Amino acid sequence: SDDADVVVGTVVPREVVEVASELPGLRLRGVFADIGDYVKKGQRLVQLDGESLNIQSESLQSEFDRTRDDYARVKELQQAGIVTKEMLQQRQAAFEAARSRLRDGQLSISRTQLLAPADGLIYERTATVGGLASGGEPLFRIAKGGEVEMEASVPEDLVGRLKPGMQVKLKLAGESDEAAGVVRLVMPRVHNASRAAGVRIRFEPRRSAPVGAFCEASITVAKVSGWVVPSSEEHTSELQSHH
């Protein structure tokens, strides 16, 4: 008999990549990608409004130029024995501080462009033109490499009989065809309230399966229960052989 257990779950990204701004409080001037887009690593996703940073950077640049020239001038005077070594050290410290501030400013300007950190499929987007970039909420979530899998909550009594590598048949909501899947991961922890554990099942969707889509998997454990759960006779003979 085909003794299949049916478990239900949803389509999730195998690996999630989040895109967030490191410059909270700036407005989004341009958004160049949307849900369902497959993006390449390094592709521009968002342009933040860096006007205030550009203005700031100009004053940092002139401060850098001033302290650099000052340091060079005092260096010459010190070599000629006109000013003290302490004065030279002060000018040097001022120049190095200005250089470091300028570099930070330039780094901030480079961060006004948000690029995709990896190839993948965008499945969530909160980025809107004119909106503010907050420090907390990611502007995009990307399924790395476009890879998705099924996450199912499996009852405790069945979890013990599952092993990575087991074959599974899957059906996505709204599709009549079954897809072949393989158990990739059995979470080691059973939740107290539900007495169930998470299982990840890898599959090749016929078309791009949307993240969050409902799916069900039928797992036939009967064929393999022999080697997953030893039968009582084997268990008894094992005990006897130890004595």
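Which residues lie nearest the centre of the second largest pocket? The views below are of a predicted model, in which local features need pLDDT of at least 70 and side-chain atom pairs count only at pLDDT 80 or more, while totals for chains, interfaces and linings use all residues. Residues are numbered from 1 along each chain as its sequence is written, and side-chain values use heavy atoms, with hydrogens and water left out.

**View 1. Lining of the second largest pocket.** Gly 146, Glu 147, Val 148, Phe 203 and Pro 205 lie nearest the centre, among 13 lining residues. Strands β9 (148-155) and β12 (196-203) are the elements that give two or more residues to this lining. Six lining residues are nonpolar, two polar and five charged. The pocket holds about 170 Å³ of space. A pocket is an open set of points on a 1 Å grid over the protein atoms alone, with protein on both sides within 12 Å along at least five of seven lines; lining residues have an atom within 4 Å of a point.

View 2. Phe 214 is in strand β13 (residues 214-220). Its relative accessibility is 45%, so Phe 214 counts as partly exposed (between 20% and 50%, with a 1.4 Å probe and protein chains only).

**View 3. Arg 66 in helix α1.** Helix α1 spans residues 51-79; helices are DSSP runs (H or I) of at least four residues, and strands (E) of at least two. Arg 66 is partly exposed, at 46% relative accessible area. The C-alpha atoms of Arg 66 and Ala 98 are 9.2 Å apart, with the two residues 32 apart in sequence.

Conventions
On a 1 Å grid over the protein atoms alone, a cavity is a set of points where a 1.4 Å probe fits but cannot get out, and a pocket is an open set with protein on both sides within 12 Å along at least five of seven lines; lining residues have an atom within 4 Å of a point. Grid points are joined across faces, edges and corners, and a volume is the space filled by probe spheres set on the points. Ala, Val, Leu, Ile, Met, Phe, Trp, Tyr, Cys and Pro count as nonpolar, Asp, Glu, Lys and Arg as charged, and the others, Gly among them, as polar.
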